[in-house]
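Hello,

Here is the structure I promised to pass on to you.

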Amino acid sequence: MIMPTHLDLNQLKAFHALGTAGSFTAAARRLNLTQSAVSHAIAKLEASAGVGLVDRSTRELRLTEAGRRLHLACEEVFASLEAAAEDLALPSARGRIRLGATPEFGSSILMRHVRPFLEANPDLDVDFFLAEDLLSPLLRDDLDIVVDCREHAEPGIQRLPWFVETYVAAASPAFLEGRSVERPMDLQGLPALSLDKGGAWWHRLLSALPPGERPELGRLIAVNHVRAMINGGVEGLGLLLAPTYAVTGELERGALVPLLPGIRPREDRFAIYQKRRRSSLGRHRLLTDFLLSLAPAEF
């Protein structure tokens with residue numbers, strides 16, 4: 001694809017927003033323009049380039065091969081312009097970072113540790129977004145940096161390994177009353193809380209057991225939020241499997257009792273993800289350096 005050198009910058013911004021946001025409506029909202037204004041800018045850009053950039057034969061927005069190559073070039077150009085604008089600013093950190101994290105980690109860990117960073121960088125605006133799906137908003141540029149235990153290997157995404165998340169099986173004293181749970185098969189038939197109805201959440205524990213010693217749990221109570229699941233465990237609704245850092249307080253005050261201490265459930269590995277082309281931004285480096293400086297033992 002041979003592109004002319006007189007492409008309009010505003011039209012390129014509209015095209016970049018379209019390719020990143022995934023729809024004309026979302027791109028218009030991001031640019032504070034009308035949908036028709038974005039559509040008109042894309043049409044003019046295609047006329048200037050002399051090639052189609054958007055595949056209009058499908059209902060779902062897709063870029064043509066030429067469009068994908070131009071969008072990649074836009075990513076590089078606008079990342080470079082953003083870095084240059086940052087270099088021209090005052091030395092202190094300025095700008096905005098939208099930081100995403102899984103709900104329990106964000107509420108239990110980030111909120112407890114981020115204050116020193118905010119105090120040291122008063123000109124840096126940090127917003128937090130807690131959700132299970134973090135990759136999609138990162139790819140759409142709705143988030144700048146995410147902390148996730150799911151592994152993402154998409155092109156253009158940088159992964160910085162951070163810490164290993166351990167899990168503990170536990171139950172409330174009320175739930176354990178009249179029950180003896182000393183070995184894995186003692187869990188046979190007992191009700192359990194799970195992040196999913198199929199019980200995949202419990203694979204972390206069951207996969208750590210020999211095949212002949214894997215109990216079949218009883219009724220699974222699906223709860224789609226870890227903190228709510230922990231509260232359900234405290235109230236005696238069923239067996240609980242949770243990140244260790246999330247139940248430290250409950251274990252220390254006896255609201256939960258750890259089970260099967262000799263069994264180590266499968267661990268998750270947390271990492272910090274961001275678009276590689278934006279990883280050199282000063283504000284990104286400041287935040288990632290701060291996060292990596294936190295000792296996992298504090299969790």
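Below is what I found, going from the whole chain down to a few single residues.

Please keep in mind that this is a predicted model.

**The chain as a whole**

The protein chain contains 12 helices and 12 strands. Its radius of gyration is 24 Å, while the globule rule gives 19 Å for 299 residues; the value is well over that, so the chain is more spread out than a compact globule. Along the principal axes, the C-alpha atoms take up a box of roughly 80 × 50 × 30 Å.

Buried residues make up 45% of the 299 in the protein chain. If you take the contacts between residues at least 6 apart in sequence, 75% of them join residues at least 24 apart.

**Helix α5 and Glu104**

Helix α5 covers residues 103-113. This helix is mostly covered, with eight of its 11 residues buried. Among them are Pro103, Phe105, Gly106, Ile109 and Leu110.

Glu104 also belongs to α5. Is Glu104 buried or exposed? With a relative accessible area of 4%, Glu104 falls under the 20% cut-off and therefore counts as buried. The side chain of Glu104 has a polar contact of 2.4 Å with the side chain of Ser108, and Ser108 is itself one of the buried residues of α5. Setting aside neighbours within four places in sequence, Glu104 is in contact with Ile109, His225, Val226, Arg227, Ile230, Tyr245 and Ala246. Gly189 is 85 residues from Glu104 along the chain, and their C-alpha atoms are separated by 28 Å.

Arg204 sits in helix α9, which runs over residues 203-206. The relative accessible area of Arg204 is 12%, so this residue is buried. Which side chain does the side chain of Arg204 meet in a polar contact? The partner is Asp268, at 3.1 Å.

Lys275 is part of strand β12, residues 268-275. Lys275 is buried too, because its relative accessible area is 10%, under the 20% cut-off. Its side chain makes a polar contact of 3.0 Å with the side chain of Asp141. Not counting residues up to four places away in sequence, Lys275 touches Thr20, Glu75, Leu138, Leu139, Asp141, Asp144, Gly156 and Ile157.

**A loop residue, Thr166**

Where is Thr166 placed? Thr166 lies in the loop between β6 (157-165) and β7 (167-171). Its relative accessible area is 28%, so Thr166 is partly exposed. Beyond its neighbours within four places in sequence, Thr166 is in contact with Ala242, Pro243, Thr244, Arg264 and Glu267. Thr166 and Leu239 are 73 residues apart in sequence, and the distance from C-alpha to C-alpha is 17 Å.

Happy to talk any of this through with you.

Best wishes

Notes
Residues numbered from 1 in each chain as written. Predicted model: local features only at pLDDT ≥ 70, side-chain atom pairs only at ≥ 80, totals over all residues. Heavy atoms only, no water. Helix = DSSP H or I, 4+ residues; strand = E, 2+ residues; numbered from the N terminus. Rg over C-alpha atoms; globule rule 2.2 N^0.38 Å. Buried < 20%, exposed > 50% of the residue type's maximum accessible area, 1.4 Å probe, protein only. Contact = heavy atoms within 4.5 Å. Polar contact = N/O pair within 3.5 Å; in protein donor to acceptor, adjacent residues only side chain to side chain.
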